[in-house]
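My points are numbered below.

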Amino acid sequence: MQAFLSAATVFLLALIHAQEALAFIECSVLDYGAVADNTTDLGPALTKAWQECVIPQVTTTVATDVLLYVPAGNYLLAYSHYFLIVDTVTFDDAANWNLHIAGDIFLPFNPSLTGTMLTFENCENILLNGPGAIYGNGYRYRPGGDLTLYPSRPRLIRFQTCNNCEITAITLYDAPMFHVTIIGDNEAHDMSIIASHIGETDGFDMSGNNNYVHDVTVENGDECVTVKTPTNGFVAERITCRYTAGCNIGSFGSGATGVDVQNVYYSDVTISNSDAGVMIKSYPNCAGTVKNVTFTGFTLSAAAYPIYISAFWEGGTTDTGTLQISDVTFENFQGTGTPTRPAVLLDCNKATPCKDIAFSGISLTDTKADSFTNACGSGLSGLSSC
Ligand SMILES: *[C@@H]1O[C@H](CO)[C@@H](O)[C@H](O)[C@H]1NC(C)=O
Ligand SMILES: *[C@@H]1O[C@H](CO)[C@@H](O)[C@H](O)[C@H]1NC(C)=O
């Protein structure tokens with residue numbers, strides 16, 4: 001009896017504690033004009049609830065203390081109209097709160113819709129979580145697969161100059177353009193992106209210092225989890241990519257100077273039916289540095305270019321580039337490429353060869369012979385040492 005009582009007391013105390021932990025403030029969009037009828041624009045309600053309910057009530061640095069809440073139901077997200085401003089939704093100077101999306105959000109087809117649907121700018125300690133979803137209806141912006149008809153079609157989510165933010169447990173479907181762009185020092189994890197198998201549908205485009213992406217799945221026809229410049233410190237782990245362009249670095253566009261990507265680490269990545277496993281993509285007129293990059297533990301099946309460094313991605317022939325790619329390690333790659341392409345293809349600048357490219361445990365089948373141009377390193381026969 002004594003034991004039972006004390007167990008009950010412990011249980012009660014735990015309950016009381018849980019109640020206390022649940023004492024958050026909830027700002028529901030339904031109280032600020034949203035209607036879960038998949039017709040009323042959710043944008044204005046998001047902005048209004050944030051301005052009038054969230055901002056005034058944030059008093060701690062625990063993001064989950066104040067929720068901007070989208071309850072279960074179907075919502076249309078078109079354009080935000082708040083006072084006289086008509087725009088996509090931007091949370092500027094946002095700090096210490098949680099956008100909690102339990103509902104399903106749908107984008108309409110609207111040819112004049114452009115920009116990013118949900119932007120967090122100059123933000124700090126924001127949690128964006130599910131269990132809801134955003135349906136981009138991207139296929140309607142690309143009739144017959146035509147990417148040129150609506151070239152400025154909308155993107156879904158952007159963290160612009162944000163730190164200590166987290167996006168998780170939300171599912172993103174078929175953005176008209178890119179899905180998640182993160183600039184800063186943030187974390188994306190335990191979520192999926194599922195889109196058409198077509199270009200310009202990037203999954204996660206990451207730049208900044210010490211971003212961390214883990215336990216995510218991307219199915220699309222473009223970048224899976226990709227590092228952009230500038231980046232200093234990046235880790236990606238337990239990534240699954242289907243029909244993607246791979247887990248890449250770049251692309252650095254024609255004339256991009258000041259490229260600066262360093263200290264990048266990818267581990268435990270599964271890639272199937274993709275244009276590439278891993279690529280570092282640039283033009284011969286790029287300038288800057290890519291260094292100290294590790295790709296380890298890749299399982300590929302039918303990846304067109306399993307390992308590919310190209311200074312001539314999308315052309316350019318003047319071979320005077322000064323982008324220095326060095327200290328790149330590929331280890332433990334297994335699985336299949338495609339019979340018409342090399343397992344490893346290094347196509348670097350003559351003026352600035354790729355240096356210290358190290359390979360170990362590369363076991364890829366169903367490929368052509370490796371090909372190395374203007375590159376040195378270790379671990380593969382035919383690759384000259386530096
Ligand atoms: C909501 O509306 C969108 C487009 O306006 C449509 O594609 C979608 O199927 C609708 N969702 C539901 C659950 O009816
Ligand atoms: C190389 O990058 C890794 C992260 O992948 C980091 O831990 C390590 O310190 C870096 N090495 C140097 C020499 O900066």
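1. A disulfide here is a pair of cysteine sulfur atoms within 2.5 Å. The sulfur of Cys-247 is 3.7 Å from the closest cysteine sulfur, which belongs to Cys-241, so that distance is too far for a bond. Cys-247 is buried, at a relative accessible area of 0%. Keep in mind that this is a predicted model.

2. How many disulfides does the rule give? The count comes to five. Number the bonded cysteines of the protein chain in sequence order, and the pairing reads 1-2, 3-4, 5-6, 7-8, 9-10.

3. Cys-165 is in no disulfide. For Cys-165 the nearest cysteine sulfur is that of Cys-123, 3.6 Å away. Cys-165 counts as buried, at 3% relative accessibility.

4. Now back to Cys-241, the neighbour named in point 1. Its disulfide partner is Cys-224, with an S to S distance of 2.1 Å. The pair links distant parts of the chain, 17 residues apart. Cys-224 sits in the loop between β16 (204-219) and β17 (225-242), while Cys-241 is in strand β17 itself. Is this disulfide left-handed or right-handed? The torsion about the S-S bond of Cys-224 and Cys-241 is about -85 degrees, so the link is left-handed. Both Cys-224 and Cys-241 are buried.

5. Cys-348 and Cys-354 form another disulfide, S to S 2.0 Å. The S-S torsion of Cys-348 and Cys-354 is -95 degrees, and the link is left-handed. Both ends are shielded by the cut-off of under 20% relative accessible area for buried. Cys-348 counts as buried at 1% relative accessibility. Cys-354 counts as buried at 2%.

6. Cys-376 is joined to Cys-386, S to S 2.1 Å.

7. Cys-386 is exposed, with a relative accessible area of 55%. Please check both residues in the display.

8. Cys-241 is itself joined to Cys-224.

Key:
Residues numbered from 1 in each chain as written. Chains lettered and ligands numbered in written order. Predicted model: local features only at pLDDT ≥ 70, side-chain atom pairs only at ≥ 80, totals over all residues. Heavy atoms only, no water. Helix = DSSP H or I, 4+ residues; strand = E, 2+ residues; numbered from the N terminus. Buried < 20%, exposed > 50% of the residue type's maximum accessible area, 1.4 Å probe, protein only.
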